[in-house]
Amino acid sequence: MISRRLFVQSALAAALGGPALANAPAVSLRPVARDPASLISAGGGLKGVLARAGLSGEVACAVADVKTGLRLEAEGAQSALPPASVAKALTALYALDTLGAGHRFTTQLIATGTLSGGVLTGDLVLVGGGDPMLNTDHLAQMARQLKTAGLREVRGNFRYFEGALPAIHSIDPDQPDHVGYSPALSGLALNFNRVHFEWKRAGQGWAVTMDARTQKYRPEVAVAQMAVAKRKLPVYSYQDRKGADHWTVANAALGKGGSRWLPVRKPGAYAADVLRTMVRANGIALRAPKVAKNRPNGHVLATHQSPPLDVMLKATLKFSNNLMAEMIGLAATQARGGRPRSLRESAADMNRWAAATYGVKGAKLVDHSGLGAASRITAADMVTTLIAAHRQGALKPLLKGFALRDSKGRVVKNHPIKVAAKTGTLNFVSGLGGFMTAADGTELAFAIFSADKRARAGIKRADRERPPGARSWNRQAKRVQQQLIERWGRVYGS
């Protein structure tokens, strides 16, 4: 047994750091202040992180303190790279500054001529106001407004006016014809200018439908038509034939059944086609729609207003909707007195606005969505813009959270770093820009752009929806983004 005397002596020796019964601690119990320089340079610093990532192509990044504006570190920050959908963040700021958060877009049904006893002796005109969120449900509501207004008969023509915005055949003509994320644009848009194509096995063939569906309605359309062709490739073909979209699909690609959204190339005619169906369901017959070259004057019989601009922008950024970004950007340019004939012209006005507003000189965007691969911006300019936007309180409330993941790709729910950012993805292009809050509350603005321009240039137009190797490259680029965010949180967030 250990005597009480020996126990007391041993305890006293341990307390004094003597050798009895226990060794002295190898590490001090008092926290040692970390050397910031050692944290920054550990593992080869920022260059080491990027070198170990092994991502092909170029990576440009920059990070700064949002309160002081102090640039903390950067790599290739003056190199202009494609931002992909991160460009939508700049478009959102452009639209907010020009149109205001409460701006709404209005769609109207206008009667020309005289209206007496429920009979319109004149034309009924669907007038688009550039609403990017107009859908079939809204047209059904407008049709009911006509009935409520007492309209029973239209003796003139049914027309549609889409000239509130320029007519553009495709957001990015370099994309395959059939991809729904690159539809046509005009002052009238319906269901994001997409038509729902569905096929089901029927005997030895397939039954196909083309409709403008929402959860409530499924009106079939005449302005977009589909035929099944006996072939393997190409899967889809498109022709503009007599003012309508004519598609064919390869029978070898159909299987037992399925569906997908296809782009609409005749947006005004598409919206008018669907409205005509909805009006007919309310007992009012309309003639086949014709184009109205000018905005008509007359009596407004029905109206639909979009949500406020800030609500639409939040949806644009959350779902990265190309059509919404382009239509809102075009509307902003026109509100500033511009008369753009193309997305490139409108984006050039936005670039000039960014230079005048934020002092950034490297913004050379060719559209408002980032879909066009020729768009360029530097990480340094993006961070400058983000810092200014943060001080204005304009952008961060519109951004969605960016989840950080573990080594197996699973979301880390309680990660100490919180990120609100806009992502951007094209084939062999990946971008991320926004704000991060470290564990100690330090808030940083950052931008990360990656691009393998050589790999992207080698993709054939027909393969641009899912080219070989692009998915794995983009996954790797996203891992690099998280590594950088975690580095910045560790080095600058304590």
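How are helix 4 and helix 9 oriented to each other: roughly parallel or roughly perpendicular?

## Helix 4 against helix 9

Helix 4 and helix 9 are roughly perpendicular to each other. Their packing angle is about 80°, and their axes lie 11 Å apart. Axes here are lines fitted to C-alpha atoms, for helices over the stretch in contact, and angles run from 0 to 180 degrees between N-to-C directions. Angles under 35 degrees count as roughly parallel, over 145 as roughly antiparallel, 65 to 115 as roughly perpendicular and the rest as oblique.

Helix 4 contributes Leu90, Thr91, Leu93, Tyr94 and Asp97 to the contact (heavy atoms within 4.5 Å). From helix 9 come Ser346, Asp349, Met350, Trp353, Ala354 and Tyr358.

## Basis of the model

This is a predicted model, in which local features need pLDDT of at least 70 and side-chain atom pairs count only at pLDDT 80 or more, while totals for chains, interfaces and linings use all residues. Residues are numbered from 1 along each chain as its sequence is written, and side-chain values use heavy atoms, with hydrogens and water left out.

Helices (H or I, at least four residues) and strands (E, at least two) are DSSP runs, numbered from the N terminus.

Helix 9 spans residues 343-358, 16 residues in total. From first C-alpha to last it reaches 22 Å, close to the 22 Å expected at 1.5 Å a residue. That expected span is 1.5 Å times one less than the number of residues.

Its buried residues are Leu343, Ser346, Ala347, Met350, Asn351, Trp353, Ala354 and Tyr358. They cover an arc of only 165° around the axis, which puts them on the same side of helix 9. The arc is that of the directions from the helix axis to the C-beta atoms. Buried means under 20% relative accessible area, exposed over 50%, partly exposed in between (1.4 Å probe, protein chains only).

Cover for the buried residues includes helix 4 (87-99), helix 8 (322-335) and helix 10 (379-392). The face turned away from the buried side carries exposed Arg344, Arg352 and Ala356. Just after helix 9, glycine 359 takes a positive phi of about 75°.

An open sheet of 3 strands runs in the order 5-6-8, with mixed pairing. Strand 5 (114-116) and strand 8 (153-154) stand at the edges with a single partner strand each, so one side of each is left without a neighbour in the sheet. Two strands pair if DSSP finds at least two bridges between them. Strand 6 (residues 119-121) pairs with strand 8 in the parallel sense over 2 bridges. There, valine 119 stands opposite glutamate 153.

Strand 7 (residues 124-127) and strand 9 (residues 158-161) run parallel, joined by 4 bridges. Valine 125 of this pair faces arginine 159 in strand 9. Strand 9 is also joined to strand 16 (residues 290-291), in parallel, by 2 bridges. Here tyrosine 160 stands opposite valine 291.

## Backbone exceptions in loops

The peptide bond from leucine 233 to proline 234 is cis, with omega near -5°. Proline 234 sits in the loop between strand 12 (224-229) and strand 13 (236-241).

The loop between strand 9 and strand 10 (194-202) holds asparagine 191. Its phi is near 50°, a positive value in a residue other than glycine. Asparagine 191 is buried, with a relative accessible area of 6%. Phenylalanine 192 lies in the loop between strand 9 and strand 10. Although not a glycine, phenylalanine 192 has a positive phi of about 60°. Phenylalanine 192 is partly exposed, with a relative accessible area of 25%.
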